[in-house]
Amino acid sequence: MAPPRAPGVTRHTYDVVVIGAGGAGLRAAIAAREQGMRTAVISKSLFGKAHTVMAEGGAAAALGNANPADEWRVHFRDTIRGGKFLNDPRMAELHAREAPDRILELEYWGALFDRTPDGRISQRNFGGHEYPRLAHVGDRTGLEMIRTLQQRIVALQQADAAELGDPDAMLRVFPETAVTELLLHDGAIAGAFGYRREDGGFVVFEAPAVVLATGGIGKMFRTTSNSWEYTGDGHALALRAGASLINMEFVQFHPTGMVWPPSVRGILVTESVRGDGGVLRNSEGRRFMFDYVPDVFRAQYAETEQEADGWYDDPANHRRPPELLPRDEVARAINSEVKAGRGSPHGGVFLDVSTRLPAEEIRRRLPSMHHQFKELADVDITAEPMEVGPTCHYVMGGVRVAAETAASDVPGLFAAGEVAGGMHGSNRLGGNSLSDLLVFGRRAGLGAAGYVAGLAERAPYDRVADRVSAAAEHALAFLKQGTGENPYTLHSDLQDTMNDLVGIIRRGPELAQALERLDGLLERSAGLSAPGDRVYNPGWHLAMSLPNMLVVSRAIAAAALEREESRGGHTRDDFPEMSAQWRRINLEVRTDGGDLVTVGHRPVPDIPGELLSVFDPDELAKYLTKEELPEAADDVDEEERA
Amino acid sequence: MTPPDGATPARARIQIPQRTLRTDRWWLGPLFTTLGLATFVVYATLRVFQQDHYWVQEHHYLTPFYSPCLAAQCAPDAALFGRLPVEFPPLVPYALLSLPFLLLFRLTCYYYRKAYYRSIWQAPTACAVREPHRSYTGETRPLMLPQNAHRYFFYVAFVITVINTWDMLVPFFHGTDGGFGIGLGNVIMVVNVLMLWGYTLSCHSCRHIMGGRLRNFGRHPVRYRLWTGVSRLNDRHMYFGWASIATLIATDAYVALMASGVISDLRFLN
Amino acid sequence: MSERLFRVWRGGADGELSEYRVEVNEGEVVLDVLHRLQATQTPDLAVRWNCKAGKCGSCSMEINGMPRLSCMTRMSVFTEDETVTVTPLRTFPVIRDLVCDVSFNYDKAREIPSFTPDPATEPGDFRMAQVDVERSQEFRKCIECFLCNSVCHVIRDHEENQPHFSGPRYLMRVAELEMHPEDTADRRAIAQDEFGLGYCNITKCCTEVCPEGIHITDNALIPMKERVADRRYDPLVWLGSKIGVRPKDTPITPNIRRPADD
């Protein structure tokens with residue numbers, strides 16, 4: 001018999017536990033399993049429903065199929081440029097180098113990407129990418145990716161069934177299971193505690209390595225393209241386990257979400273609409289993006305409509321249309337237009353593809369957008385423009401990890417995908433997320449496997465048994481509190497706070513006010529109460545995830561208050577300029593184990609010389625401080641000024 | 001309420017006494033299908049066994065229900081392939097060789113299967129409406145295996161449609177004063193033959209044979225084009241199925257009325 | 001804004017329909033209304049959902065008797081005075097309220113032999129024309145909402161067929177692999193013998209309910225039946241097998257079927 005345990009707790013023992021079953025989680029699990037590790041994948045939803053399915057545009061990889069001039073260094077340059085030089089350069093480098101292999105691997109596992117005429121993987125244009133670079137399947141690339149990884153896992157399970165007699169012997173998926181606590185022993189990972197949604201039963205996974213792949217945080221905001229799952233679980237688990245989060249102030253607002261009807265506000269309108277020719281217009285019919293090209297991008301973007309329109313067919317001799325600026329720029333521009341009173345009837349701007357492509361072509365290239373607008377908004381995008389506005393889409397910040405192994409500060413804790421920070425700097429380029437999941441998902445799986453292989457011994461269960469009982473009691477408390485706070489109301493108040501005070505444009509006093517309000521919400525959260533029993537009780541599930549949202553909201557607001565400049569996904573009305581001094585600093589958030597956060601400074605790793613040389617010295621001068629610039633660049637700078 | 005450790009509680013489906021909770025008129029479709037099929041079956045049966053009024057000598061109109069005419073009693077000009085030396089007793093159709101195959105072609109057709117499984121067999125009557133049968137084995141039992149022979153009936157039907165096309169062309173050369181002529185009968189027959197080709201070529205088996213069975217289209221450009229063409233027709237297989245029934249009845253009725261002297265052909269040219 | 005009457009299934013298999021009066025606003029879908037019920041009247045109402053944009057296939061349920069995605073069913077399709085009845089999918093065991101245990105589907109998914117490329121190839125070797133991938137791409141649009149499997153009368157009305165019938169979703173998966181230009185396995189025989197293709201009587205309800213508009217019957221099931229006819233009911237192939245020319249059938253993976261009791 002097992003030693004003491006809390007009532008109704010099921011115990012499982014694994015080598016590697018992956019929390020999250022999206023692209024990064026599944027890729028990590030595949031990698032760990034292929035290293036011979038007994039691996040569990042824990043999914044808050046059903047298997048194959050993860051948020052990755054929402055990704056539409058494609059996966060960026062410098063395959064060079066559409067334009068042979070493309071190569072990893074160019075991809076690296078685009079990524080750093082898009083992230084405004086705040087990226088972890090080593091992560092950006094690994095990502096750019098390895099993405100093509102990861103895509104080809106997917107194809108070898110059965111993925112069917114769209115093709116070029118010579119039978120290779122076709123690639124499409126996207127904001128911030130110099131060449132057509134996104135491997136895609138119509139506008140449902142994320143679905144293709146998650147299905148392929150899901151089916152790869154099934155293939156591995158089939159091999160285990162044939163060899164070991166049980167498909168779940170080495171790799172098992174736990175659907176509709178959520179982790180509420182990481183178990184630690186001597187400061188290292190010993191396992192994870194959670195509950196099954198379907199019956200409310202508790203589970204403990206004893207494992208020396210945990211890979212966080214829990215995705216993002218969008219559900220703290222009112223207008224978001226994210227699903228209910230995006231409650232920042234991984235961010236919160238990592239914080240409480242003692243790891244640090246970096247770049248939390250950088251939240252990406254996707255420029256184009258639906259704005260009407262209210263019930264679909266925030267649902268994503270893929271960037272491919274613009275990549276394939278769609279243009280943004282204000283209520284006066286003006287293509288306003290020409291007015292918003294910032295100095296740092298002036299050289300790469302067209303100045304006239306004619307030049308911009310020429311680019312789609314002849315990119316070599318034309319500059320890019322400004323609609324394809326990185327997402328932060330476009331989102332801010334739309335925000336300004338609406339504020340200036342030049343918005344559409346429902347508070348967005350017009351995104352028009354109907355006058356740019358034949359109806360047949362729109363239906364072929366953007367089938368799910370066509371379907372989505374037709375079904376949900378009664379808008380036929382082949383005949384009329386869409387109304388769009390910014391929507392909370394992605395968090396650049398996350399667990400600080402080592403680039404090679406995806407290891408966090410806590411021994412045994414790894415993180416990959418959206419929950420990891422650093423790779424995208426202050427702003428992620430469209431298409432870099434799907435490739436990020438694959439590259440660093442695999443690295444996290446390998447990293448965890450390597451760590452486990454090197455361990456001499458594992459923590460015995462009785463060392464964490466107390467923690468398990470406490471966690472179970474804590475979870476059950478919400479069910480027992482009778483007439484307490486309604487979790488739905490608290491959640492709604494949190495979303496209002498974040499949307500209004502920590503949104504796309506931020507101000508110091510508002511951020512301070514947000515922190516104050518978050519204090520109040522935290523207090524109220526102690527009295528959360530969910531009626532009903534343990535069987536598939538969504539009120540109870542929400543109550544258990546609210547503390548996570550609250551602590552991560554604090555991390556975002558605190559970091560946003562600290563960074564006194566505007567860069568990428570962080571715009572301060574009171575500090576509108578980008579500062580070369582701030583570029584050298586990553587903000588690092590930690591907790592004392594409770595829900596109070598502290599913000600520290602940490603230097604951004606330098607871009608090594610040979611990679612710095614892929615940039616034009618003029619461009620570097622716009623971002624870096626004088627002492628960081630290579631010698632030659634200094635001279636050029638002087639000449640220009642003279 | 002807390003379930004025992006790790007075990008999944010025994011679960012069952014929900015039990016709802018109503019046959020369906022649908023609130024729309026789901027029975028309308030199967031009702032019309034039944035009526036449509038019944039009309040055709042009754043009409044065709046009466047006509048096929050009638051052994052009369054199938055041929056208009058003046059313009060060489062032959063109804064498709066009697067083509068090719070094989071009995072010794074057939075009008076000499078109506079028998080495209082000559083006549084058998086035996087007189088067919090009553091109730092034996094003159095087109096003894098073609099009709100059974102045409103019947104089997106339609107009986108095993110993927111569209112008609114759907115139509116009669118739903119409306120006549122009631123498996124299921126409509127989507128999400130509980131069917132009245134206690135057990136169900138679909139097309140797995142020996143009695144149902146001939147459904148898989150659809151492609152062979154397609155081959156035969158293809159040949160018969162060629163014969164129907166011939167039958168359609170002949171009357172153009174039998175105008176009132178001999179030579180070329182066009183009457184309403186010709187027009188009806190042309191439409192009928194077009195619908196018959198539409199139905200025959202849009203067949204799912206035809207689609208498979210033309211190219212559907214290939215794994216790789218890139219290496220077979222011609223078959224890919226054939227497949228694409230058939231696929232486009234195949235989209236409308238149901239419409240061709242009903243339209244060809246309607247034009248068959250119309251053609252036959254028109255010929256029968258002329259042959260029995262009730263009406264005479266409306267001539268546009270000669 | 002208006003007030004509507006909703007009848008919602010509450011409880012497990014022995015549950016019942018409960019009535020709620022609830023506010024409905026312009027442009028809303030059924031899932032919005034269920035969320036309003038959660039937030040204002042009954043916080044423990046169990047509903048499975050994720051993306052709320054028709055892309056993940058989680059919020060499948062039966063609305064006025066028809067299997068549908070609740071996030072894609074707009075309230076405007078009902079008249080003002082129409083009662084909206086919402087029940088869980090009927091084909092699968094209910095967990096609670098509108099949430100079903102859909103593990104049947106995942107078990108069936110594991111039975112199908114996976115994509116099998118030529119072992120002599122490696123990643124990067126494939127050259128496929130767009131026309132070659134398009135057929136399978138249509139099937140890969142599937143969001144696994146399981147509406148097709150739920151509406152299919154073979155298992156909906158005859159639970160006893162579940163062990164030997166994979167349902168439209170997974171017969172379509174077989175078709176997808178059989179049409180994959182780089183796949184080398186031959187699943188025709190097991191499609192018939194293990195996955196129950198012969199049970200399908202092509203009555204097309206799967207196609208009718210598919211929220212992705214995939215032509216499941218015409219493009220996957222019927223072509224698969226024709227391929228099975230090639231393998232099973234072709235006299236030449238039969239003759240060939242008599243003289244030793246035998247197609248190499250891929251067998252079902254051993255030990256993949258769960259014993260009746262897990």
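Two residues are in contact if their C-beta atoms, placed from the backbone, lie within 7 Å. Helices (H or I, at least four residues) and strands (E, at least two) are DSSP runs, numbered from the N terminus. Axes are lines fitted to C-alpha atoms, for helices over the stretch in contact, and angles run from 0 to 180 degrees between N-to-C directions.

The model is predicted: local features need pLDDT of at least 70 and side-chain atom pairs pLDDT 80 or more, while totals for chains, interfaces and linings use all residues. Residues are numbered from 1 along each chain as its sequence is written, with chains lettered from A and ligands numbered from 1 in the order in which they are written.

In chain A, an open parallel sheet has five strands in the order β7-β3-β2-β11-β18. Strands pair if DSSP finds at least two bridges between them. β7 (171-174) and β18 (413-415) of chain A each have a single partner strand, so one side of each lacks a neighbour in the sheet. The twist averages 20 degrees from one strand to the next. Strand β11 (residues 209-212) of chain A is joined to β18(A) by three bridges, and A:L212 stands opposite A:A415.

| Helix | Residues | Angle |
|---|---|---|
| α5(A) | 233-241 | about 150 degrees to β18(A) |
| α11(A) | 432-453 | about 170 degrees to β11(A) |

In chain B, the axes of α1 (residues 28-48) and α8 (residues 237-259) come within 11 Å and cross at roughly 35 degrees. Contacting residues include B:F40 and B:Y43 in α1(B) and B:W242 and B:I249 in α8(B).
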